[in-house]
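Biologist: I would like to learn how to read a protein structure. Could we go through it one feature at a time?

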Amino acid sequence: MTTPELHLETLYRIDPRGRIAGTREPDSRRGPVFKLVRGRTHCAWAVRADTPDSVADALHDLAAEEQPVTDGRLPPLHADRYRALAGEAVDSGPAFAFPDAIPEVGGVVFLETVDRLVRHFADWHQAEMPGRAPIAAVERDGHAVSVCGCARRSDLAAEAGLETAAAFRRAGLGARVTAAWATAVRASGRAPLYSTSWTNTASLSVAARLNLVAYADAWSFSDGREGMSADSG
């Protein structure tokens, strides 16, 4: 069963105190100061490990008053207080689970090396490939033009990371590679997850095309250091 707790534990490394020790990307980052995930029956949350105890305790007490919602666009009960305590950088969006029946798709390959990715996706590096696997792609002329791999991955679940080159968008390729990725993730024994922001209409369209089921909405509050390496001071 997909839960707010599974969402948190898939995106972040959670330390023994229940705090965010870093993201689960191959190149781990700090993560947000505060993450709130509101499910349909209950909520879960976590505070970044370097947050002062007084701030962490205040955030915890406020989050304990949050209620589950069916409309994730509604702001959290204490959104203004979270901004004041955790930072003004706010991001929010829905989190989706895949249905039992994932569409079968053709014309998708799985990549293990970066050479067929870098023409259209220059930010990919060979060192990250094992941590992103499985990596599903649609190719044109021997080069990937749409790719879906694991943005973040734990032993129990993986979150989709989807990219389509600008010249090849609006052709349904994103849904194809995401479906193939999700099938491979499920075959590995992990639950495939998909999350995005409320403003990313293209990503929301992929979720709708695949009949994904929203199980939560996630809100991040940060101080601008979220993207820094988890090992930096």
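Modeller: We will take the sheet, the helices on it, the cores, the cysteines and one threonine in turn. Keep in mind that this is a predicted model.

Biologist: In which sense do β7 and β8 pair?

Modeller: Their pairing is antiparallel, over 5 bridges. Within it, Val147 in β8 has Ala137 standing opposite.

Biologist: Which residues have the most contacts inside the largest nonpolar core?

Modeller: They are Phe98, Trp181, Tyr194, Leu210 and Leu212, in a core of 25 residues. At least two core residues come from each of β7, β8, β9, α5 (173-187) and α6 (201-209). Helix α5 gives the most, with 8 residues. As for Phe98, its contacts beyond its neighbours within four places in sequence include Trp181, Tyr194, Leu210 and Leu212. Another core, of 15 residues, lies apart from this one, and Leu11, Val37, Tyr215 and Ala216 are among its members.

Biologist: How many disulfides are there?

Modeller: To decide, look at the distance between sulfur atoms; the cut-off is 2.5 Å. The count here is 0 disulfides. Take Cys150: the nearest cysteine sulfur belongs to Cys148 and is 7.8 Å away. Burial is a separate matter, and Cys150 is buried, with a relative accessible area of 1%. Cys43 is buried as well, at 12%.

Biologist: Is Thr164 buried or exposed?

Modeller: Compare the relative accessible area with the cut-off: buried means under 20%. Thr164 has 14%, so Thr164 counts as buried. This residue is found in strand β9.

Biologist: With which side chain does the side chain of Thr164 make a polar contact?

Modeller: With that of Ser146, at 2.8 Å. Leaving aside neighbours within four places in sequence, Thr164 is also in contact with residues including Phe121, Val145, Arg169 and Gly174.

Key. Residues numbered from 1 in each chain as written. Predicted model: local features only at pLDDT ≥ 70, side-chain atom pairs only at ≥ 80, totals over all residues. Heavy atoms only, no water. Core = buried A, V, L, I, M, F, W, Y, C linked by side-chain atoms within 4.5 Å. Buried < 20%, exposed > 50% of the residue type's maximum accessible area, 1.4 Å probe, protein only. Helix = DSSP H or I, 4+ residues; strand = E, 2+ residues; numbered from the N terminus. Contact = heavy atoms within 4.5 Å. Pairing = 2+ DSSP bridges. Polar contact = N/O pair within 3.5 Å; in protein donor to acceptor, adjacent residues only side chain to side chain.
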